[in-house]
Amino acid sequence: METMTATIERITANTIAPAAETTRDAGTTRRKATRYVFAGLRIALGWTFLWAFLDKLFGLGHETAAKNAWLNGGSPTKGFLTFGAAGPFKGLYQGIAGAAWADWLFMLGLLGIGVALLLGIGTRVAAVAGGLLLVMMWTAVLPPENNPFMDDHLIYAGLLAGLALVNAGDTLGLGRAWAKLPVVQRLPWLK
């Protein structure tokens with residue numbers, strides 16, 4: 001027959017987790033939640049880039065009217081760079097407004113960054129390309145309308161850097177499978 005002390009020890013051992021185990025479980029839960037938050041932000045930012053591409057390509061009427069769609073002969077860079085550029089780089093941006101090479105680079109950038117972020121592949125490349133595009137968009141409207149220097153373009157650029165640093169493509173994305181490809185293993189910057 002079990003003594004009362006032995007019974008209490010058995011019940012306690014089976015129902016109350018040691019402090020270290022509880023802390024480890026909380027850390028695991030926090031890490032998992034963090035991965036999902038960053039995955040959600042990656043997907044949201046990917047959709048932001050892809051939507052801009054689709055709207056400019058088809059003229060879906062949100063920011064680009066159908067008559068100004070790229071498929072209808074419109075230029076995705078001409079309107080904004082001609083009439084929206086301000087500040088010290090105004091002349092530079094107005095000089096490239098509507099140039100075929102600028103339209104193609106801009107549209108391919110929006111598409112590539114958007115798809116990469118949505119799929120969770122090439123997040124490092126997407127972060128660098130997206131960060132560069134966003135900083136250029138920031139410089140096109142200096143100073144920003146609502147703040148002496150800070151605006152959403154710089155915040156998104158910082159977020160892109162963070163997404164790449166935490167491998168946000170591995171959660172709710174194809175990042176792990178992408179990283180196993182021979183070309184990506186040979187050239188890890190493609191992660």
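1. Pro 143 sits in the loop between H6 and H7. Helices (DSSP runs of H or I, at least four residues) and strands (runs of E, at least two) are numbered from the N terminus. The peptide bond that joins Leu 142 to Pro 143 is cis, with omega about -15°. Most peptide bonds are trans, and most residues other than glycine have a negative phi.

2. On the basis of the note: this is a predicted model, in which local features need pLDDT of at least 70 and side-chain atom pairs count only at pLDDT 80 or more, while totals for chains, interfaces and linings use all residues. Residues are numbered from 1 along each chain as its sequence is written, and side-chain values use heavy atoms, with hydrogens and water left out.

3. What is the secondary structure of the protein chain? The chain has 9 helices and 0 strands, and the order from the N terminus is α-α-α-α-α-α-α-α-α. The protein chain has 191 residues, and 32% of them count as buried. Here buried means under 20% relative accessible area, exposed means over 50%, and partly exposed lies in between (1.4 Å probe, protein chains only).

4. Contacts (heavy atoms within 4.5 Å) can be sorted by distance in sequence. Of those in the protein chain between residues at least 6 apart, 60% join residues at least 24 apart. The accessible surface of the chain is about 11800 Å², and carbon and sulfur atoms hold 68% of that area. Accessible areas come from the Shrake-Rupley method with a 1.4 Å probe, and for residues only the protein chains shown count as cover.

5. Helix H5 covers residues 100-119. The expected span of a helix is 1.5 Å times one less than its number of residues. For the 20 residues of H5 this gives 28 Å, and the end C-alpha atoms are 28 Å apart, so the two values agree. The buried residues of H5 include Phe 106, Met 107, Leu 110, Ile 113 and Leu 117; Asp 103 is also buried. After H5 comes Gly 120, with a positive phi near 80°.

6. H6 passes the same kind of check: 17 residues should span 24 Å, and the end C-alpha atoms are 24 Å apart. Among the buried residues of H6 are Gly 130, Gly 131, Leu 133, Leu 134 and Trp 138.

7. Thr 139 lies in H6, which runs over residues 123-139. Which side chain makes a polar contact with the side chain of Thr 139? The partner is Tyr 93, at 2.6 Å. A polar contact is a pair of N or O atoms within 3.5 Å; within protein, one must be able to donate a hydrogen and the other to accept it, and residues adjacent in sequence count only if both atoms are side-chain atoms. The side chain of Thr 139 also reaches the backbone oxygen of Met 136, at 2.8 Å. With neighbours within four places in sequence set aside, Thr 139 is in contact with Ala 86, Phe 89 and Tyr 93. Thr 139 counts as buried because its relative accessible area is 12%.

8. His 153 belongs to helix H7 (residues 152-165). Is His 153 buried or exposed? His 153 is buried, with a relative accessible area of 16%. Not counting residues up to four places away in sequence, His 153 touches Leu 134, Met 137 and Trp 138.

9. Asn 167 is partly exposed at 31% relative accessible area. Leu 172 is in the loop too, again with a positive phi, of about 55°. At 52% relative accessibility, Leu 172 counts as exposed.

10. Val 125, Leu 181, Val 183, Leu 187 and Trp 189 make a nonpolar surface patch of about 410 Å². Patches consist of residues with over 30% relative accessible area and no salt bridge; like charges are joined within 9 Å, and nonpolar side chains (Val, Leu, Ile, Met, Phe, Trp, Tyr) within 5 Å. A salt bridge is a side-chain nitrogen of Lys or Arg within 4 Å of a carboxyl oxygen of Asp or Glu. Leu 187 follows helix H9 (182-186) and is partly exposed, at 34% relative accessibility.

11. Gly 73 is in the loop between helix H2 (19-58) and H3, and is exposed at 68% relative accessibility. Gly 79, in H3 (residues 78-83), is partly exposed at 38%.
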